[in-house]
Each structure stands twice: as C-alpha cells, then as structure tokens.
Amino acid sequence: MGSAGMVDITGKEPVRREAVASGFIKLRRETVEAIRRGVVAKGDVVSVASVAAVLAAKETPRLIPLTHPIPIEKVEPEVRVRDDGVEVRVRVATTAKTGVEMEALAGVTAALLTVWDMVKSLEKDETGNYPDTVITGVRVEVKRKG
C-alpha cells in the first residue's frame with residue numbers, strides 16, 4: 001500500500017490504436033425539448049459538449065494521474081439528443097505504445113458533465129436538487145490494437 005507509478009512502456013513499439021466509449025445522461029423531457037429548440041441559456045449544448053469531449057481526450061494525462069501522454073491523432077465525438085436525454089460516443093485514435101481507452105472515457109465523461117452544466121437550471125427542482133438527472137452507462141465499447 002502507499003505506492004503508485006506509471007507502467008514502464010519503453011520496450012513497447014508504437015502501434016495503431018483506437019477506442020470507442022459511450023455514456024448517457026437522463027434528462028427531463030422539457031429539458032430535451034429546450035436543447036432541440038436551441039433555447040438553453042448557455043448556448044448550443046451539442047456543440048459545446050462535442051468540444052468538451054475533444055478537449056478532455058487531449059488533456060487526459062492532466063486529469064488521470066498515471067496515464068501516459070500520447071499523440072492523439074483523432075477525436076471523433078458524437079452527441080445525440082434522444083427523447084429521454086443525451087447519448088455521447090467518442091472515438092479516439094493514435095499510433096502509440098499504449099491504448100486510448102482512458103482518453104475516450106475522459107471525452108465521454110467531460111461531454112456528459114458539460115451537458116449537465118449547461119442544462120442544470122432546467123433540471124433543478126424547487127429545492128435546488130436534480131432528482132431526474134442521471135449519468136449512466138459510461139463504458140468502453142471497442143478497443144482495437146494493430
């Protein structure tokens with residue numbers, strides 16, 4: 001107990017790697033309609049969440065302490081408004097010595113948190129809480145190497 005460190009990858013060769021992660025934020029129907037109509041006070045939820053996904057994927061080593069800084073070659077966010085919330089998928093690709101699943105997960109999580117931040121005024125109840133707002137299903141769907 002009490003120790004931590006990055007895994008030594010110096011002996012590994014760079015390989016093409018890709019990961020896809022996804023997640024969902026459940027929202028009130030009224031909130032979903034506000035997103036669709038483009039009337040959320042903070043702006044375009046889909047666009048801002050997409051940018052948040054890209055930024056988080058690129059900044060993963062600053063967010064997750066033991067991840068390696070790797071060259072991110074592509075971040076492809078997909079933000080879809082559903083009837084009961086917003087679904088996010090993020091694909092990340094690189095040629096590196098280690099995988100990009102943490103980058104994809106960071107992208108998804110940041111996008112979902114961004115959605116929450118942008119619509120929180122619409123999701124609050126009379127006590128200032130969020131009884132209907134839930135982030136679920138954050139997971140790695142695909143991990144490819146080679």
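Valine 88 is in contact (heavy atoms within 4.5 Å) with Ala21, Ser22, Gly23, Glu78, Val79, Val108, Ala111 and Leu112, leaving out residues up to four places away in sequence. The model is predicted: local features need pLDDT of at least 70, side-chain atom pairs count only at pLDDT 80 or more, and totals for chains, interfaces and linings use all residues. Residues are numbered from 1 along each chain as its sequence is written, and side-chain values use heavy atoms, with hydrogens and water left out.

**Nonpolar core**

Val88 is, with Leu27, Val86 and Val115, among the residues with the most contacts inside the largest nonpolar core, which has 29 residues. Such a core is a set of buried Ala, Val, Leu, Ile, Met, Phe, Trp, Tyr and Cys residues joined through side-chain atoms within 4.5 Å. Buried means under 20% relative accessible area, exposed over 50%, and partly exposed in between (1.4 Å probe, protein chains only). At least two core residues come from each of strand E1 (15–26), helix H1 (29–37), helix H2 (45–58), strand E2 (74–82), strand E3 (85–96) and helix H4 (101–123). Eight residues come from H4, which gives the most to this core. Helices (H or I, at least four residues) and strands (E, at least two) are DSSP runs, numbered from the N terminus. In soluble globular proteins, nonpolar side chains tend to be buried together.

**Salt bridges**

The whole structure holds 15 salt bridges, each a side-chain nitrogen of Lys or Arg within 4 Å of a carboxyl oxygen of Asp or Glu.

| Pair | Closest N to O |
|---|---|
| Glutamate 73 and arginine 16 | 2.8 Å |

Glutamate 73 forms its salt bridge with arginine 16. Because glutamate 73 lies in the loop between helix H3 (60–63) and E2, and arginine 16 in strand E1, this pair ties together parts that are 57 residues apart in sequence. Glutamate 73 is partly exposed at 45% relative accessible area, and arginine 16 is partly exposed at 37%.

With arginine 144 in strand E4 (residues 134–145) and glutamate 18 in strand E1, the pair ties together parts that are 126 residues apart in sequence. Arginine 144 is partly exposed at 46%, whereas glutamate 18 counts as buried at 14%. Both belong to a salt-bridge network that links Glu18, Lys74, Glu76, Arg91 and Arg144.

Lysine 120 and aspartate 117 both lie in helix H4, three residues apart, about one turn of the helix. Their relative accessibilities are 31% for lysine 120 and 32% for aspartate 117.

**Annotated binding site**

An unreviewed UniProt entry lists Leu66, Thr67, His68, Met102 and Glu103 under "binding site". These residues span 38 residues in sequence, yet no two of their C-alpha atoms are more than 12.4 Å apart, so they gather at one spot. UniProt positions follow the numbering used here, feature names are shortened, and annotations may be inferred rather than shown by experiment.

Leucine 66 sits in the loop between H3 and E2 and is partly exposed at 44%. Leaving aside neighbours within four places in sequence, leucine 66 is in contact with Ala4, Gly5 and Met6.

Histidine 68 is found in the loop between H3 and E2, but is buried at 15%. Not counting residues up to four places away in sequence, histidine 68 touches Met6, Val7, Ile9, Pro61, Thr98 and Glu103.
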